[in-house]
Amino acid sequence: MRFRIKKCPECGRYTLKETCPICGAKTKVAHPPRFSPEDPYGEYRRRLKREQLGIAGRD
């Protein structure tokens, strides 16, 4: 079984648990997603990010 370190978005502490033992908030994985040059959904993810930020992109 692989354990991934997680980070609490509320207090910033690191843990291996699903919830923060200090504040009780739900934790998130602290690692970024793995990079792949053949990312089939990369274009859609970048387009969504540009739309959310209001940046004009190459369409």
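From the N terminus on, the elements of the protein chain follow the order β-β-β-α, which comes to one helix and three strands, where helices (H or I, at least four residues) and strands (E, at least two) are DSSP runs numbered from the N terminus. This is a predicted model, in which local features need pLDDT of at least 70 and side-chain atom pairs count only at pLDDT 80 or more, whereas totals for chains, interfaces and linings use all residues. Residues are numbered from 1 along each chain as its sequence is written, and side-chain values use heavy atoms, with hydrogens and water left out.

The three strands form an open sheet in the order β2-β1-β3, with antiparallel pairing; its edge strands, β2 (14–15) and β3 (28–29), each pair on one side only. Two strands are taken to pair if DSSP finds at least two bridges between them. Strand β1 (residues 6–7) is joined to β3 by two bridges, and these strands run antiparallel, with lysine 6 standing opposite valine 29 in β3.

Histidine 31 lies in the loop between β3 and α1 (42–53). Its C-alpha atom is separated by 8.0 Å from that of lysine 6, 25 residues apart along the chain. Leaving aside residues up to four places away in sequence, histidine 31 touches Arg4 and Ile5, contact meaning heavy atoms within 4.5 Å. Why is histidine 31 classed as partly exposed? Its relative accessible area is 39%, and the class lies between buried (under 20%) and exposed (over 50%), for a 1.4 Å probe and protein chains only.

The following values describe the whole protein chain.

| Property | Value |
|---|---|
| Radius of gyration | 16 Å |
| C-alpha span along principal axes | about 45 × 30 × 10 Å |
| Accessible surface | about 5800 Å² |

A compact globule of 59 residues would have a radius of gyration near 10 Å, by a rule of 2.2 Å times the number of residues to the power 0.38, with the radius taken over C-alpha atoms. Buried residues make up 12% of the 59 residues. Of the accessible surface, 53% belongs to carbon and sulfur atoms, the areas coming from the Shrake-Rupley method with a 1.4 Å probe. Among contacts with a separation of 6 or more, 13% are accounted for by residues 24 or more positions apart.
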